[in-house]
Each structure stands twice: as structure tokens, then as C-alpha cells.
Amino acid sequence: MWILRPPDTGCFDKDQRRAVEVLFDAVLPGGPRRPGAADADAAEYVDRLLVMGPETHPEIPAWRLAYPVLLAALDTAAQQAHGGRGVAELDRAEATALLRDLATGTLPTWPAAALAQPAAFALLRAHCIEGCFGDPRWGGNREAVIWRWYGYPTPAEPFTRPTAATADRPGEDS
């Protein structure tokens, strides 16, 4: 039997980790009655994944190179669009707009060394979904919060956000 041994450290520095959290919250927002990427700690999944080697997944080395470049490019785009504020300082609506532009390839400046904009969005979105719906042993879906909410592998449980810090965000009532 293969046993997953989580890494001792993550790949992201503090600012990169916060930027991934903000972006993932925009990809899969939670609300008072449904968990989202923040509740599942989907960023932890990617942070752990990127320190693993190609024996875990052959694309990890490429992802490890791509993330710093695309996060820096998104930070630059956010600063240009939001008066010097980087991704980590954006609210959900601003992060959603940034991701919409990324998905459509319409960010005004994008480094040639980065993935194409739509591919960068697809990577972020895929990793967010994996971090939310994957096996908690991989670092995301903390305490199987999304599985339990959906009723897998046990009957569904109602979700109640543990803190009220984000309860007043628009769009979180469904």
C-alpha cells in the first residue's frame, strides 16, 4: 500500500500563499450555507503538491516553475488595475474580474515566459477544484468539509461557516 507522507514545508512564500488563497476564493467562493475554497483550504493542497516530485505527478516540475511567474504577472496586473494593490489585497469581486480577464486572455501585460493567459487560468481553476474536492490526505478539502456537505461518503451535513468574518460578503447567501 502506498502511504502519502505530506511534506514538512510548502512551496509558496507568505505573499504567494495569500495570493493563491484570494484567487481560489474567487474561483470557488463559499457562503453561509456552502463551503468554498477558503473553507476547504484548497491553497494548502497546491502548496503541498508543488514540493512533491515528478514521481507523484509528472507535471509538478513545470507547475513549480509556472506558479511564481504567473502569480507575479497577476500581481503586476492587479497593481496596474487597482492603484498599486496586489492580488493579496483584492476583494472577491476584484479578484473575480482579474480572473475573468485572465481566462479571456485580455490582461494588458503578460510576460512571454508565463503560460498563455487562458492556460494559466485553467491551471489555477483545476488546482482549486482538486484542492476542494480531493482526498483530504493531499492537504485540501480540510476535514472533508466539501465531501460532508455534498453527502459523500456519509449523509449530507448542513454547512455553517465557523466564523462570521466573511458572512457579509455579497453573493454569499446561496
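This report describes the fold, confidence, charged network and selected residues of a predicted protein model.

## Model and confidence

The model is predicted. Its mean pLDDT is 86, and 87% of the residues reach 70 or more. Within the protein, confidence is highest in helix H5 (residues 92–104), at a mean of 97, and lowest in helix H7 (residues 145–150), at 86.

Residues 169–174 are a stretch where pLDDT stays under 50. For these residues the model has 16 contacts beyond four places in sequence.

## Overall fold

The protein has seven helices and zero strands. Along the sequence the pattern reads α-α-α-α-α-α-α. Of the 174 residues, 39% count as buried.

Taking the contacts between residues at least 6 apart in sequence, 62% join residues at least 24 apart. The accessible surface of the protein is about 9,400 Å², and carbon and sulfur atoms account for 57% of this area.

## Helix H3 and its cover

Helix H3 spans residues 42–49. It is largely enclosed by the rest of the structure, because six of its eight residues are buried. The buried residues are Ala-42, Ala-43, Tyr-45, Val-46, Asp-47 and Leu-49. Their cover includes helix H1 (14–27), helix H2 (37–40), helix H4 (60–81) and H6.

Asp-47 is one of the buried residues of H3, with a relative accessibility of 6%. That value puts Asp-47 in the buried class, because the class takes residues under 20% relative accessible area. Beyond four places in sequence, Asp-47 touches Gly-10, Cys-11, Phe-12 and Arg-17. With Arg-17 there is a polar contact of 3.0 Å between the side chains.

## The charged network

By the distance rule applied here, the model has ten salt bridges. One network of salt bridges links Arg-17, Arg-18, Glu-21, Asp-41, Glu-44, Asp-47, Arg-48 and Arg-142. Side chains of opposite charge can pair when their charged atoms come close.

Arg-17 and Glu-44 form a salt bridge through their side chains, at 2.8 Å from N to O. This pair links distant parts of the chain, with Arg-17 in helix H1 and Glu-44 in helix H3, 27 residues apart. Arg-17 is buried, with a relative accessible area of 15%.

Other bridges in the model lie within a single helix. Glu-44 forms a salt bridge with Arg-48, and the closest N and O atoms are 3.0 Å apart. The two residues are separated by about one helical turn, because they are four residues apart in helix H3. Arg-48 is partly exposed, at 21% relative accessibility. In helix H1, Arg-18 and Glu-21 are three residues apart and therefore also separated by about one helical turn; their side chains meet in a salt bridge of 3.5 Å, N to O. Arg-18 is partly exposed at 37% relative accessibility, and Glu-21 is partly exposed with a relative accessible area of 29%. An α-helix has 3.6 residues a turn, so residues three or four places apart point the same way.

Asp-41 lies in the loop between H2 and H3. Asp-41 is buried, with a relative accessible area of 17%. Apart from neighbours within four places in sequence, Asp-41 is in contact with Arg-17, Gly-139, Gly-140 and Arg-142.

Gly-139 belongs to the loop between H6 and H7 and is buried, with a relative accessible area of 10%. Leaving out residues up to four places away in sequence, Gly-139 touches Asp-41, Glu-44, Tyr-45 and Arg-48. Gly-139 and Glu-44 are 95 residues apart in sequence, yet the C-alpha to C-alpha distance is 5.5 Å.

## Nonpolar surface patch

Ile-129, Phe-133 and Tyr-150 make a nonpolar surface patch of about 290 Å². Ile-129 lies in helix H6 (residues 117–133). Ile-129 is partly exposed, with a relative accessible area of 33%.

Notes:
Residues numbered from 1 in each chain as written. Predicted model: local features only at pLDDT ≥ 70, side-chain atom pairs only at ≥ 80, totals over all residues. Heavy atoms only, no water. Patch = residues over 30% accessible without salt bridge, like charges linked within 9 Å, V, L, I, M, F, W, Y side chains within 5 Å. Areas by Shrake-Rupley, 256 points an atom, 1.4 Å probe, with all protein chains shown as cover. Salt bridge = Lys/Arg side-chain N within 4 Å of Asp/Glu carboxyl O. Buried < 20%, exposed > 50% of the residue type's maximum accessible area, 1.4 Å probe, protein only. pLDDT = per-residue confidence, 0-100. Contact = heavy atoms within 4.5 Å. Polar contact = N/O pair within 3.5 Å; in protein donor to acceptor, adjacent residues only side chain to side chain.
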